[in-house]
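Dear colleague,

I am handing over a structure that will be new to you, and I would be glad if you looked through it before reading my notes. What I found follows below.

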Amino acid sequence: MSAAITKAKESSADFVRAFHEQQPGTKDFYVKKPYPTPSKNNEHMWIEVAAERNGVISGVIANIAEETSEVKLGDAVTVKVDEISDWRYLNGNKLVGGYTIRYFVDKMSPQEKAEFLKKAGFKI
């Protein structure tokens, strides 16, 4: 997982560029940010990106928190580009980025992977 987060951080400029360019066929731009939990860990939450300016991304929390009480689904938040732990968008139905998603998918059985991708609605 550490390698996936490192890869996402190292390529975050690619995400910012793609978000600003919004090429035809690209959609669903998200970043992930870690939030502290009561157990002193971090829960990485997806944020649907609305804007990026001067290295600060704004958007809304896009998934339900399991542990953190710092944010909840639908909260408006900001995140500095250097704080993100992952990023993703779709080009057609193909996932671009999504390094933590790929990490978990690689650990799935072929049947689990097929079910996940069908539900997710994208290809890796």
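Which residues lie nearest the centre of the largest pocket? Please keep in mind that the model is predicted. Lys32, Trp46, Asn63, Ile101 and Phe116 are the ones nearest the centre, and they belong to a lining of 23 residues. The volume of this pocket comes to about 770 Å³.

Of the contributors, α3 gives the most to the lining, with four residues. Sorted by class, the lining holds 13 nonpolar residues, together with seven charged and three polar ones.

The sheet deserves a separate word. It is an open sheet of six strands, which follow one another in the order β4-β3-β2-β1-β5-β6 with antiparallel pairing. Because β4 (76-80) and β6 (94-97) stand at the edges and each have a single partner strand, one side of each is left without a neighbour in the sheet. From one strand to the next, the twist averages 40°.

Within this sheet, strand β1 (residues 26-36) pairs with strand β5 (residues 86-91) in the antiparallel sense, over five bridges.

With best wishes

How values were computed
Residues numbered from 1 in each chain as written. Predicted model: local features only at pLDDT ≥ 70, side-chain atom pairs only at ≥ 80, totals over all residues. Heavy atoms only, no water. Pairing = 2+ DSSP bridges. Helix = DSSP H or I, 4+ residues; strand = E, 2+ residues; numbered from the N terminus. Axes fitted to C-alpha atoms, helices over the stretch in contact; angles between N-to-C directions. 1 Å grid on protein atoms, 1.4 Å probe; cavity = no way out; pocket = protein on both sides within 12 Å on 5 of 7 lines; lining within 4 Å. Points joined across faces, edges and corners; volume = space filled by probe spheres on them. Nonpolar A, V, L, I, M, F, W, Y, C, P; charged D, E, K, R; others polar.
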